[in-house]
Amino acid sequence: MTTSRTLYLFCSAAPPVFDIARVIEAAQADGWDVCLGLTPAASGWLEESLGGLATLTGHPVRSEYKRPGEADVWPPADVILFAPATFNSINAWALGLTSAFVLGVAAEGIGKRVPTVAMPCVNAAYVRHPQFEQSLATLRAAGVTVLYGDSGFVPNQPGEQRPEGYPWRIALDTVSAVAAPQP
């Protein structure tokens, strides 16, 4: 019997989110049962695709908290990947601001010791803000594997497009590396 491992894939509203169906398929090919969570803005960006993404994952796409007493529609996470994680999401998460569903689950994941990977998607202007480096340091100190700089996402100039795209494969490989081994 094969045991399925569950990946919570959380996304902010940044251009790489438009590749999310391809990323889900790659994660599934790696053996993950994928549950997709979106910030409210990312959910709005992908509104026309939400039904297809739910079909692809086999789980509802979530961007809102469930009500007290409602059953959880997702299996428990074996690992969390928050990518693309915007400037706003990184800072809110590090500060413990959990008004968005994905931020709350990611913050709680730290306390539950769920292996967690974050890969920012920010431009070079945002990273000059002093809070950004403090937020990355806070997340790292809490045990989050942050893929930023030479080991992950390298910021581009505002408005600049990268022909090679967002380094999704680095994120997925890191998820496999940090996840607890399958029994």
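Select L9 first: its bridge partner is L36 in β2. This is a predicted model, so read it with its limits: local features need pLDDT of at least 70, side-chain atom pairs count only at pLDDT 80 or more, and totals for chains, interfaces and linings use all residues. Residues are numbered from 1 along each chain as its sequence is written, and side-chain values use heavy atoms, without hydrogens or water.

Now show β1, residues 5-11, with β2. The two pair in the parallel sense over 7 bridges. Strands count as paired if DSSP finds at least two bridges between them.

Widen to the sheet. Its 5 strands are ordered β2-β1-β3-β4-β5, open and parallel. At the edges sit β2 (32-38) and β5 (145-146), each pairing on one side only.

Next, helices. Select 20-29: α1 lies across β1 and β2, at about 155° to β2. Then select 101-112: α5 lies across β1, β2 and β3 (79-85), at about 135° to β3. Angles run from 0 to 180 degrees between N-to-C directions, with axes fitted to C-alpha atoms, for helices over the stretch in contact; contact means heavy atoms within 4.5 Å.

Zoom out. The protein has 7 helices and 5 strands. These are DSSP runs numbered from the N terminus: helices are H or I, at least four residues, and strands E, at least two. The order is β-α-β-α-α-β-α-α-β-α-β-α.

Finally, color by burial. Buried residues (under 20% relative accessible area, 1.4 Å probe, protein chains only) make up 48% of the 183. Among contacts between residues at least 6 apart in sequence, 77% join residues at least 24 apart.

Technical notes. Buried means under 20% relative accessible area, exposed over 50%, partly exposed in between (1.4 Å probe, protein chains only).
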